[in-house]
Protein chains: 4
Amino acid sequence: MDTMRPPGHQALLEAARQEFAERGYGSTSIREIAQRAGISLSALYHYYGGKQELLHAILDEGMDRYRRDCDAALAQAGGDPAERLEALVEATVRFRAGQRDRSSIELTEHRSLNEEQRAHFRRRQAAATRMFQDVVADGLDQGIFLTPYPEDSRRAILAMCNAIAQWYRPEGGLTVGDLVERYVSLALTLVEYRPRRPRP
Amino acid sequence: MDTMRPPGHQALLEAARQEFAERGYGSTSIREIAQRAGISLSALYHYYGGKQELLHAILDEGMDRYRRDCDAALAQAGGDPAERLEALVEATVRFRAGQRDRSSIELTEHRSLNEEQRAHFRRRQAAATRMFQDVVADGLDQGIFLTPYPEDSRRAILAMCNAIAQWYRPEGGLTVGDLVERYVSLALTLVEYRPRRPRP
Amino acid sequence: MDTMRPPGHQALLEAARQEFAERGYGSTSIREIAQRAGISLSALYHYYGGKQELLHAILDEGMDRYRRDCDAALAQAGGDPAERLEALVEATVRFRAGQRDRSSIELTEHRSLNEEQRAHFRRRQAAATRMFQDVVADGLDQGIFLTPYPEDSRRAILAMCNAIAQWYRPEGGLTVGDLVERYVSLALTLVEYRPRRPRP
Amino acid sequence: MDTMRPPGHQALLEAARQEFAERGYGSTSIREIAQRAGISLSALYHYYGGKQELLHAILDEGMDRYRRDCDAALAQAGGDPAERLEALVEATVRFRAGQRDRSSIELTEHRSLNEEQRAHFRRRQAAATRMFQDVVADGLDQGIFLTPYPEDSRRAILAMCNAIAQWYRPEGGLTVGDLVERYVSLALTLVEYRPRRPRP
DNA sequence: TATGAATGAGAATTCATTCAT
DNA sequence: TATGAATGAATTCTCATTCAT
């Protein structure tokens, strides 16, 4: 469990996350990370095997959290595909808006992982993708999503949510709640959601 | 003009573009760039003042091209906002699919520019953004775009187009023409385009 | 006594011996030693004061064994210098062939000892040298060794025996017994041994 | 050619040679080498790719010289195997006595080369070995070397010559000429040289 | 005798850049 | 506009060792 790690771990991961997000993996020196975390360079190496492992830990932890959020959201949602899609979009929007550093890093820095780490990351990403694919497929099966391009609209939904991390600033007056409302609406628009007519 | 520069220039920019896109700005050494371009390290410094200037040149050249493509597309389109939006989306999709390296770099590496260069880049990006904003605003004014969230749908359109650079592979069997058709359709869906009823 | 030391000791010395022999003292890290010995780094420091002390212990233990082997061999030999030389050569050949790691280390790594340790090592080495010198001198006195270069032939005998550690591989089909026979013969050749004519 | 290299090269190789011989490859830092050579650390990397390459260059240069010396000696010697063996022993003794640093390094540090470099080194060493093997075989064929152990006596000759580098000090009053005389004599003793009886 | 955490010094190497020509 | 040599600063990472328990 995360909570069982020594306290230095979290400060370290947080410092690395911020540095990587601000300057990019390659432009970040581990010295800066250690300094920001307030620990010695050697301590950093005591906790993690190196810069790359630090990156991997950040990405993995991010995946843990995102996955947990999505699972929780789906668990609360009923069986209706629209409701489930709403749940996923809300979880994604909240994650992107609340974890902007993490999201920026996920977007590009996976290229800096080694082969094995990258494979691990991709596997987890594919699993996340599948959640959306399944929901969209369900909606189509049930005839309530009419989009002629299920895969592309799914990609579009994810892309627009992911982009939030790049421009959203909580100081800007737009609440995350607002965001959620809008993006849920846009997502349903994209899949061309038509609610089932209630039985007379 | 580009064509008046010595031949080394283009090879250099191309090499730098590929390296930056593959490994990220910070993880790329100018030695690798020079080597990939097949020129000497010293020659590199005679063409460009340094690594950062190289990045700036790439981003600027990209902006030149994208802007030119958009302008050309708009010039051919008529005055109808839907038609104009289609033109912009097509230009963007084609650019993202055809210039994946450039697009990846634009996405994140502007953080590695210096203050002045970054300001310049942002100004140009804002201008591109405005093209989309204007078209969407026109469509709303004319009552043919019904989206309640014009700014968010504009962002969504750009985000989904931009994301193409991250996943699209020309070898994958999906032509750029296919892409254009789908993304134009999705974009019109996003702004909730309702064609004007033709006068009887 | 060796047998009274805790069990970790021997595993540790063996691991260090192998590492030092394979990579050299300077290229060996004590972490690797601890790992190879299957003990913790801290445990290593409880057995020995550090890397250098470990080296010293290895060299000293080797000297113990070699000296013991030589003494035993001489004890069994009679008073005849030829017989005694044979005994020493056999002991040396068996040691070099059986303790290749140790022998390689002795050859060069004494330079990595500290002043005091090195002096100790040299004293013991000189004692071993003297055993050979005495035997050769006896043979000369008794007129059965005719070499005009006693010191050089003694050096040659030791050099050829010592070199065994560098090239001999037990898997190679040559038994240690074969080796002993040959090297005894070569040693006697070097000192130009001429057996006393038996009294008529 | 060596002489065409920039002047820094030789100073560098010499400094590295001394350091490696004194402390061992693993215990030598390239900083010390650069300092001893009186050049900057960066300049070192300008000349050589790294520490290992430096070691390889030293070993290779040594092999060049030794081989050149042996070839010259053999060229001057006639066809008589005894004369040829004398020539090789003299060349070897002079090399070991005159190039003690180099000889010490050759003895053990080849383990610090990488796979490819080590293969190269071993190939050259095998060629040198073969020179001795050929001469001994010739002597046996011609019936003037009587040793029952040609391979072992060859090894013994090389071992005793090689060992010179470890103990010989020119300040000690023993000239290299003396050494040559003695080791030539010992070598002929080892192969049990019996001159052909001159025809009556 | 045991140990996991921690560390400062130093390791090899690479960096972007400058300079003399 | 060309270039090979050179460099100081910074890079990631490992080192032998110590310390608190």
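1. Of the contact residues of chain C, 100% recur in chain D, so that the same surface serves both copies, where two residues are in contact if their C-beta atoms, placed from the backbone, lie within 7 Å.

2. Please keep in mind that this is a predicted model, in which local features need pLDDT of at least 70, side-chain atom pairs count only at pLDDT 80 or more, and totals for chains, interfaces and linings use all residues. Residues are numbered from 1 along each chain as its sequence is written, while chains are lettered from A and ligands numbered from 1 in the order in which they are written.

3. Chain A is divided into domain 1 (1-49) and domain 2 (52-190), with bounds that come from an automatic or database domain assignment. Taken over C-alpha atoms, the centres of these two domains of chain A are separated by 26 Å. Ten residues of domain 1 of chain A are in contact with twelve residues of domain 2 of chain A.

4. Between chain A and chain B, 22 residues of chain A are in contact with 22 residues of chain B. On the side of chain A that touches chain B, the elements giving two or more residues are α8 (150-167) and α9 (176-190) of chain A, and the largest share, seven residues, comes from α8(A). Helices here are DSSP runs (H or I, at least four residues), numbered from the N terminus. By class, that side of chain A has eight nonpolar, eight polar and six charged residues; Ala, Val, Leu, Ile, Met, Phe, Trp, Tyr, Cys and Pro count as nonpolar, Asp, Glu, Lys and Arg as charged, and the others, Gly among them, as polar.

5. DNA strand F is surrounded by 34 residues, of which the closest are A:G50, B:S42, C:G50, D:S42 and D:A43; a residue is near a strand if its C-beta atom, placed from the backbone, lies within 6 Å of it. The surface near DNA strand F divides into 14 nonpolar, 16 polar and four charged residues, and α3(B) gives the most to that surface, with five residues.
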